[in-house]
Amino acid sequence: MNLRRFLAWAAAEGCLGRIEQPVDPHLEMARLIHAKQEQPVLFTDPQRPGWQVVAGVCSRREHFAWALGASVAGIVPSLIEAMRQPSPPAHSAEAPCQEVVDRAPNLDRLPILKHLPGDGGPYITAAVAIIRDPDFGRNASFHRLMQIGPHSFTARLVEGRGTDTAWRKAAAAGRDLDIAICLGVPIHVLLAAAMSPAKGVDELAIANALAATPVVRCLTLDLEVPAECEAVLEGRITAQLVNEGPFIDLTETWDIVRPQPVILVGCLTHRREPIYHALLPGGLEHKLLMGLPREPTLFRAVAEVADCRTVNITPGGMNWLHAVVQIVKHEPEDGRRAIEAAFRGHGSLKHVVVVDDDVDLFDPAAVEWAVATRFQADQDLMVLPDQPSSSLDPSAKVVPGQKTRSAKMGLDATIPWTDPTGRLRTEAERHGFHKVSYEAAPDA
Ligand SMILES: Cc1cc2nc3c(=O)[nH]c(=O)nc-3n(C[C@H](O)[C@H](O)[C@H](O)COP(=O)(O)O)c2cc1C
């Protein structure tokens with residue numbers, strides 16, 4: 001679903017804010033987006049025709065549901081299906097993202113936000129970067145880009161991920177790596193780019209399985225990009241390093257400053273009156289885009305060992321470290337099995353709660369109620385010490401050059417099938433753990 005269709009939908013739903021007076025991308029715009037709790041908002045400055053800015057595109061699960069033509073509960077099954085059957089995108093005869101061509105672009109003319117006074121510079125935060133690895137083919141992923149000059153960025157390339165490994169191969173061969181930086185990207189492409197499928201699986205083929213994603217060839221690079229992006233910066237990642245940061249990470253805390261490669265931009269193509277997608281680092285959009293694409297792998301892992309109904313990687317754990325898993329229990333040990341599988345399904349997961357299917361896993365109070373009424377720490381708690389874990393957890397054990405490690409914890413908050421003496425409870429006794437509800441009032 002491209003950005004323009006999203007805006008039309010949000011306007012029809014009555015949830016699109018519009019700001020028509022001038023707002024400065026330098027510090028002011030991010031403050032406003034934050035104050036509006038990342039509700040969809042379109043900035044159109046009549047005195048500065050050219051670029052418009054949109055924020056809040058991915059801030060609610062409902063937006064993804066709409067973009068995929070699914071219910072909120074149907075998002076994960078749609079993603080699972082697309083991962084199971086990726087379909088290579090078709091070449092497009094039309095290239096909206098190339099309506100205007102600028103072969104001498106100046107990045108200062110783009111509305112790139114500086115978010116906080118302490119940031120290392122203005123940052124592009126919602127770009128999908130497309131590169132080609134000589135061994136694994138096309139890779140699409142997110143990289144924050146700090147503008148360091150009118151034609152240059154430095155990018156955060158997490159070590160060992162697709163872009164990083166391809167760039168290292170190119171650098172070792174004495175070459176730069178071509179990169180297409182897509183801006184104002186269709187929502188289903190954003191979701192696919194945030195996935196980490198097996199090496200060699202093309203994220204644009206996953207996107208195309210979610211919704212048609214025609215591609216066009218870049219003008220100066222041998223790379224293809226989704227034709228319905230708002231803009232594309234064509235460039236190359238060089239072997240030169242400069243300091244990247246400071247910048248806020250998913251944790252809403254400052255990430256460290258590190259030497260990262262310089263990217264030089266040679267060409268800009270865009271739609272007429274392009275729309276720039278601004279995304280707050282550490283905000284709702286960042287969190288949902290990180291966590292939601294991990295839910296299919298988490299679901300699949302649990303479904304291998306238990307009757308899994310739904311999973312939720314929850315906002316309180318930055319949509320990354322915490323999850324709730326809902327199962328239908330068929331055997332007394334299903335809860336424990338689900339915990340072990342959840343840690344396999346999402347390697348960064350730190351804490352997981354398993355609940356029965358009468359508990360709404362999107363309601364934190366309902367999950368807490370299940371822990372309060374169905375869980376005994378000496379029976380139902382699983383603690384796994386010293387596990388490989390997420391580098392984003394500030395309390396984890398960091399040893400330079402090695403994988404971060406932390407303890408992991410699983411709470412089996414499903415109805416206990418055995419009582420404290422070890423006797424199997426009868427079905428009637430298990431039924432006693434359910435909430436009793438009032439009948440509906442006649443005129444309510
Ligand atoms: C909003 C957002 C920002 C991200 N920023 C970065 C980043 O700056 N650097 C990075 O390496 N990964 C970043 N990621 C994570 C990667 O895009 C993601 O893990 C991707 O799936 C990696 O895929 P790959 O292993 O195929 O390269 C970000 C993800 C999201 C959703």
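Let's start with two strands: β1 and β2 (residues 41-43) run parallel and are joined by three bridges. Strands here are DSSP E runs of at least two residues, helices are H or I runs of at least four, and both are numbered from the N terminus. Within this pairing, arginine 18 has leucine 42 of β2 as its bridge partner.

This is a predicted model, where local features need pLDDT of at least 70 and side-chain atom pairs count only at pLDDT 80 or more, while totals for chains, interfaces and linings use all residues. Residues are numbered from 1 along each chain as its sequence is written, and side-chain values use heavy atoms, with hydrogens and water left out.

Now for the ligand. Around it sit 19 residues, and Arg144, Arg156, Val158, Gly162 and Met195 come nearest (near means a heavy atom within 4 Å). Here are some polar contacts, meaning pairs of N or O atoms within 3.5 Å:

| Protein side | Ligand atom | Distance |
|---|---|---|
| arginine 161, side-chain N or O | oxygen | 3.2 Å |
| glycine 162, polar backbone atom | oxygen | 2.9 Å |
| alanine 194, backbone N or O | oxygen | 3.1 Å |

Taken alone, the ligand exposes 640 Å², and the protein buries 92% of that (Shrake-Rupley method, 1.4 Å probe). β7 (137-142) and α8 (284-291) each supply at least two residues of the shell.

Terms used:
Polar contact = N/O pair within 3.5 Å; in protein donor to acceptor, adjacent residues only side chain to side chain. Pairing = 2+ DSSP bridges.
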